[in-house]
Amino acid sequence: MKRIDLKEISVIEKQGWLQHSIAPRPICFASTINAAGEVNLSPFSFFNLFSTNPPVIVFSPSRRVRDNTVKHTLLNVLEVPEVAVNIVDVHMVEQASLASCEYPRSTDEFVKAGFTPVASELIRPPRVAESKVQMECKVLEVKPLGEQGGAGNLVICEVLIMHIAEEILNETGSMIDQRKLHHVARLGGNWYSSVNEQNLFAVEKPNIHLGIGIDQLPENIRNSKILTGNQLGKLANVTSLPDIRASFYDPHIKQIMQYFSANPEEMEYEFHRHAAFLLDQGKVEEAWQVLLM
Ligand SMILES: Cc1cc2nc3c(=O)[nH]c(=O)nc-3n(C[C@H](O)[C@H](O)[C@H](O)COP(=O)(O)O)c2cc1C
């Protein structure tokens, strides 16, 4: 492993190693206002959800590495502790990037980047009409993390109201359909990633029951040359070691047994390959039956 002591490298290098590693990061579009009523709109990927009750999100406008100046967003929330946090999706990412240009404080990035301001209900900063999720937030605390260039300033916000576009809801309107909110995220350098139906996948929540754990898998399965960590994870998420089902039938198994009957090692190899195929299709029970043979 390459070893990096963060105390021995430059701020730019730290930024690079950390931002390439801690990724993808969701992007919030923070709309703020100063005491004079001038509006500012900027994207931030040092952003996440930290508590649901109370509902708390945090984003961080950093001190500029170049000249240690602070961002208008930070000055604004210190003057008016309110922010409309809007989720950036793939349809607005280029415009959001444009809004990150260092325009003078008096410049309204809604106008520069071509977004539509919509009046908030409880706070003064406007929301971004084009964003599918808009949150009206009260700033609870601003916590500076340092005084040098690159130091973050945690803007800790309580979400008061969420406004969600009907078009991204599921059929009953009871929740966001994750396939319809095309999140975009920031990685290192100029890299971004986007979420769509093709790259989304589900992992069953393990905390409803206790999975047996990798350590309880039979040795030949645990040390398989074929099964990956993800596939072992699926197998080990069962609550008890399954029993062999006499009624289990799989034509492929019959073929493997006939073809490799003289070579048990190769037979096991083929069983594991077939189990891996079934696991990738989400057929955990069937995969177990194959492996138990
Ligand atoms: C997608 C994206 C994410 C960004 N994330 C951050 C961030 O988390 N923190 C930060 O300080 N700057 C971030 N920036 C840069 C700021 O948006 C940029 O410095 C902007 O000019 C700040 O505007 P302001 O001075 O009007 O507040 C990001 C830029 C882009 C395009």
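**View 1. The open sheet of seven strands.** Seven antiparallel strands build an open sheet, in the order S3-S2-S6-S9-S10-S5-S4. Two strands are counted as paired if DSSP finds at least two bridges between them, and strands (E, at least two residues) and helices (H or I, at least four) are DSSP runs numbered from the N terminus. S3 and strand S4 (47–52) are the edge strands, each pairing on one side only. On average, neighbouring strands of this sheet are turned by 30° against each other, direction ignored. Such angles run from 0 to 180 degrees between N-to-C directions, and the axes are lines fitted to C-alpha atoms, for helices over the stretch in contact. Strands of a sheet pair through backbone hydrogen bonds, either parallel or antiparallel. This is a predicted model, in which local features need pLDDT of at least 70 and side-chain atom pairs count only at pLDDT 80 or more, while totals for chains, interfaces and linings use all residues. Residues are numbered from 1 along each chain as its sequence is written.

**View 2. Strand S2 and its two partners.** S2 and S3 run antiparallel and are joined by six bridges. Within this pairing, Ser 31 has Leu 41 of S3 as its bridge partner, and Ala 30 has Ser 42 of S3. The two strands form a hairpin with five residues between them, and Gly 37 in the turn has a positive phi of about 90°. S2 is also joined to S6, by four bridges, and this pair runs antiparallel; Cys 28 has Ile 87 of S6 as its bridge partner.

View 3. A residue is buried if 20 or more other C-beta atoms lie within 10 Å of its own, exposed if 12 or fewer, and partly exposed in between, with C-beta atoms placed from the backbone. Both faces of S2 are covered: one side carries the buried residues Cys 28, Ala 30 and Thr 32, and the other carries Phe 29, Ser 31 and Ile 33, likewise buried.

**View 4. The largest nonpolar core.** A nonpolar core is a set of buried Ala, Val, Leu, Ile, Met, Phe, Trp, Tyr and Cys residues joined through C-beta atoms within 7 Å. The largest has 30 residues, of which Cys 28, Phe 29, Ala 30, Phe 59, Val 83, Val 85 and Val 88 touch the most other members. S6 gives the most to this core, with four residues. Leaving aside residues up to four places away in sequence, Val 85 touches Cys 28, Ala 30, Ile 57, Met 135, Cys 137 and Cys 157. Two residues are in contact if their C-beta atoms, placed from the backbone, lie within 7 Å. A second, separate core of 12 residues includes Leu 227, Leu 279, Ala 287 and Trp 288.

**View 5. The shell around the ligand.** Of the 17 residues around the ligand, Ser 42, Phe 46, Lys 71, Thr 73 and Ser 100 come nearest. A residue is near a molecule or strand if its C-beta atom, placed from the backbone, lies within 6 Å of it. S3 and H2 each supply at least two residues of this shell, and S3 gives the most, with four.
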